[in-house]
Amino acid sequence: MIKHAKTSALLAALVSGAFATGSALAAEHKAGVWTNDQSVANGVVSARKVVAEQNGWLVVHRTDESMKPGPVVAHAPLRKGMNMDVAAILTEEVQSGDMLMLMVHSEDGGMKTGIFEYTLGAKEDGPIKKDGKLVMQTITAK
């Protein structure tokens with residue numbers, strides 16, 4: 001009886017661990033942007049990981065304390081799913097201390113697939129919202 005109880009307890013622990021691991025893995029694959037404050041001295045802004053629910057763009061907007069997306073200063077293509085080490089080349093100068101918003105945009109509504117067509121406020125290749133919130137992360141340039 002004791003051996004059976006130990007086996008049952010071990011089995012329950014393994015099953016519980018599998019569900020917890022599965023939940024953690026599922027959380028890692030939710031749409032989002034993972035990055036940190038970083039130097040932009042090399043002319044590039046990067047994200048460690050971006051998860052996109054469709055093909056699209058990682059778009060770097062200027063922002064400030066208001067946390068509203070401003071003009072676009074860089075963009076890079078994204079594949080549907082997990083994208084690691086995404087680098088976007090800056091198209092204008094960014095100073096140390098500037099706030100940047102790295103945001104996931106779609107590849108929808110434009111005239112050409114594979115060409116980034118968004119301008120501030122436009123619908124083409126516009127921002128993606130998940131549960132009513134922009135999929136983004138804000139950083140400060142070093």
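1. A salt bridge here is a side-chain nitrogen of Lys or Arg within 4 Å of a carboxyl oxygen of Asp or Glu. By this criterion the side chains of R62 and E92 meet in a salt bridge, at 3.0 Å from N to O. R62 lies in strand 3 and E92 in the loop between strand 5 and strand 6 (99-106), so the pair ties together parts that are 30 residues apart in sequence. Strands are DSSP runs of E with at least two residues, numbered from the N terminus.

2. The model is predicted: local features need pLDDT of at least 70, side-chain atom pairs count only at pLDDT 80 or more, and totals for chains, interfaces and linings use all residues. Residues are numbered from 1 along each chain as its sequence is written, and side-chain values use heavy atoms, with hydrogens and water left out.

3. The structure holds three salt bridges. D98 and R62 form one of them, at 3.2 Å from N to O. This pair links distant parts of the chain, with D98 in the loop between strand 5 and strand 6 and R62 in strand 3, 36 residues apart. E92 counts as partly exposed because its relative accessibility is 37%; buried means under 20% relative accessible area, exposed over 50%, and partly exposed in between (1.4 Å probe, protein chains only). D98 is also partly exposed, at 22%.

4. E53 forms a salt bridge with K130, the closest N and O atoms being 3.0 Å apart. E53 lies in the loop between strand 2 and strand 3 (56-63) and K130 in strand 7 (residues 129-130), so the pair ties together parts that are 77 residues apart in sequence. E53 is partly exposed at 45%, and K130 is partly exposed at 37%.

5. F116 and Y118 form a tilted pair, 6.3 Å centre to centre with 40° between the planes. F116 is buried at 15% relative accessibility, and Y118 is buried at 10%. Ring pairs link W57, F116 and Y118 into a cluster.

6. An open sheet of three strands has the order 1-2-5 with antiparallel pairing; two strands pair if DSSP finds at least two bridges between them. Strand 1 (32-34) and strand 5 (81-89) are the edge strands. Three bridges join strand 1 to strand 2 (residues 44-52), and G32 has V51 as its bridge partner in strand 2.

How values were computed
Rings of Phe, Tyr and Trp (its six-membered ring) pair if their centres lie within 6.5 Å; planes under 30 degrees apart count as stacked, over 60 as edge-to-face and the rest as tilted. Helices (H or I, at least four residues) and strands (E, at least two) are DSSP runs, numbered from the N terminus.
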